[in-house]
Amino acid sequence: MNYTENYKGIKIDVQAPQVDLPEGLQAQIRKSIDKISRFTHDINAVDLYFNISGTGKTAERQLGMRVGIPGPDVFSEEKAKDRWNTMLRSVTDKNIRQLQKDK
C-alpha cells in the first residue's frame, strides 16, 4: 500500500511495499502529525515507511518517519514486533524529542 495526500498543507507520503496496513491507521497518522505540529509550525512533508522483514514468528516490523522542516529534517525509526499504532506513537514521540532538543 502506497499513498500520498495533502493534510493541512503537509505532504504525507506513505510507502508500505508488501504490507497490508490496518483500517484507521491513516487517521492515526494524521493525529501524529497534529501532535508534532504543536512543537513546530513549519512542517513541509512527512514520509513514512512501513516494512516487515522475516516470516512467521521471526517477522520484525520496521517503521521509519521523516519530518521535513526547514533546516535539517528529523528522522526516527522503530523495529519491533508491536502493532503499527504502537510503533507510530513511538516514532512520533522520538521526533518530538528531537524537535525540542533543536530549539
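The following legends describe close-up views of a predicted model of a protein.

**Figure 1. The overall fold contains two helices and five strands.** From the N terminus on, the elements follow the order β-β-α-β-β-β-α. The C-alpha atoms occupy a box of roughly 40 × 25 × 20 Å along the principal axes. The radius of gyration is 13 Å, which agrees with the value near 13 Å for a compact globule of 103 residues. Of these 103 residues, 41% count as buried. The accessible surface amounts to about 6,200 Å², and carbon and sulfur atoms contribute 46% of this area. Among contacts between residues at least 6 apart in sequence, 47% link residues at least 24 apart.

**Figure 2. Five strands build an open sheet with mixed pairing.** The strands are arranged in the order E1-E2-E3-E4-E5. Strand E1 (2-7) and strand E5 (74-80) are found at the edges; each has a single partner strand, so one side of each is left without a neighbour in the sheet. Neighbouring strands are turned by 10° against each other on average, direction ignored. In general, strands of a sheet pair through backbone hydrogen bonds, in either a parallel or an antiparallel manner.

**Figure 3. Strands E2 and E3 run parallel.** Strand E2 comprises residues 10-15, and strand E3 comprises residues 45-53. Five bridges join these two strands. Within this view, Ile 12 stands opposite Val 46 of E3.

**Figure 4. Two helices lie across strands of the sheet.** Helix H1, formed by residues 25-37, lies across E1, E2, E3 and strand E4 (60-68). The angle between H1 and E1 is about 45°. Helix H2, formed by residues 84-102, lies across E3, E4 and E5. The angle between H2 and E5 is about 150°.

**Figure 5. Glu 5 is a buried residue of strand E1.** Its relative accessibility is 16%, and because buried means under 20%, Glu 5 falls into that class. The side chains of Glu 5 and Arg 30 are joined by a polar contact of 2.9 Å. When residues up to four places away in sequence are not counted, Glu 5 touches Ile 10, Lys 11, Ile 12, Gln 26 and Arg 30.

**Figure 6. Asp 93 is a partly exposed residue of helix H2.** The relative accessible area of Asp 93 is 28%. Asp 93 and Ser 32 are separated by 61 residues in sequence, while their C-alpha atoms are 8.9 Å apart in space.

Terms used: Residues numbered from 1 in each chain as written. Predicted model: local features only at pLDDT ≥ 70, side-chain atom pairs only at ≥ 80, totals over all residues. Heavy atoms only, no water. Pairing = 2+ DSSP bridges. Helix = DSSP H or I, 4+ residues; strand = E, 2+ residues; numbered from the N terminus. Axes fitted to C-alpha atoms, helices over the stretch in contact; angles between N-to-C directions. Contact = heavy atoms within 4.5 Å. Buried < 20%, exposed > 50% of the residue type's maximum accessible area, 1.4 Å probe, protein only. Polar contact = N/O pair within 3.5 Å; in protein donor to acceptor, adjacent residues only side chain to side chain. Rg over C-alpha atoms; globule rule 2.2 N^0.38 Å. Areas by Shrake-Rupley, 256 points an atom, 1.4 Å probe, with all protein chains shown as cover.
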